[in-house]
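Hi,

Here is the structure I promised to pass on to you. My notes on what turned up in it follow just below.

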Amino acid sequence: MKLKQSEFAKLGGVSVTSQSFYETGKCSPTMGYIECLRKNGVDVSFIVTGLRLTPDIDWELMKQAFLLVQSTYSSPNNSPLLPEQFFEHFRAVAETVLRLKK
């Protein structure tokens, strides 16, 4: 999150010393600390497991992928898609876009 240790400690409602202890493994954080972080928009799944709960999503890119699928399948030459079919096409385009972005 590009915060200083003191700023992150403030998000969790703890002192800089406690934050330092958590980071170095000298003591374990409390559930109250984790909950404060969650309420302040921190991905606590990442803190606990090292895995992102939700990846950063480029919504403008997703909008473009959606519009591409919509324009492709709403042409007069195509038969209408069921919502599930439309979603599967969108998902395929979105996954391709996300792979290309990496």
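T30 is partly exposed, with a relative accessible area of 44% (buried means under 20% relative accessible area, exposed over 50%, partly exposed in between, with a 1.4 Å probe and protein chains only). T30 sits in the loop between α2 (16-24) and α3; helices (H or I, at least four residues) and strands (E, at least two) are DSSP runs, numbered from the N terminus. The side chain of T30 reaches the backbone nitrogen of Y33 at 3.1 Å. From C-alpha to C-alpha, T30 and V14 are 10 Å apart in space, and 16 residues apart in sequence.

Before the rest, a word on conventions. This is a predicted model, in which local features need pLDDT of at least 70 and side-chain atom pairs count only at pLDDT 80 or more, while totals for chains, interfaces and linings use all residues. Residues are numbered from 1 along each chain as its sequence is written, and side-chain values use heavy atoms, with hydrogens and water left out.

Now the helix packing. The axes of α1 (residues 5-12) and α3 (residues 31-39) come within 7 Å and cross at roughly 100°; axes are lines fitted to C-alpha atoms, for helices over the stretch in contact, and angles run from 0 to 180 degrees between N-to-C directions. α1 and α3 are therefore roughly perpendicular to each other (angles under 35 degrees count as roughly parallel, over 145 as roughly antiparallel, 65 to 115 as roughly perpendicular and the rest as oblique). F8, L11 and G12 of α1 make the contact with Y33, C36 and L37 of α3, where contact means heavy atoms within 4.5 Å. Those residues divide into 5 nonpolar, 1 polar and no charged (Ala, Val, Leu, Ile, Met, Phe, Trp, Tyr, Cys and Pro count as nonpolar, Asp, Glu, Lys and Arg as charged, and the others, Gly among them, as polar).

The axes of α1 and α2 come within 9 Å and cross at roughly 95°, which makes α1 roughly perpendicular to α2. Here Q5, S6, F8 and A9 in α1 meet V16, Q19, S20 and E23 in α2, and the residues of this contact divide into 3 nonpolar, 4 polar and 1 charged.

Q19 is buried, with a relative accessible area of 2%. A polar contact of 2.9 Å joins the side chains of Q19 and E23; a polar contact is a pair of N or O atoms within 3.5 Å, where within protein one must be able to donate a hydrogen and the other to accept it, and residues adjacent in sequence count only if both atoms are side-chain atoms. Leaving aside neighbours within four places in sequence, Q19 is in contact with Q5, F8, A9, V14 and Y33.

The largest nonpolar core has 8 residues in all: F8, L11, Y22, Y33, I34, L37, V42 and V44. Such a core is a set of buried Ala, Val, Leu, Ile, Met, Phe, Trp, Tyr and Cys residues joined through side-chain atoms within 4.5 Å. α3 gives the most to this core, with 3 residues.

Finally, the start of the chain. M1 lies in the segment before α1 and counts as exposed at 63% relative accessibility.

Best wishes
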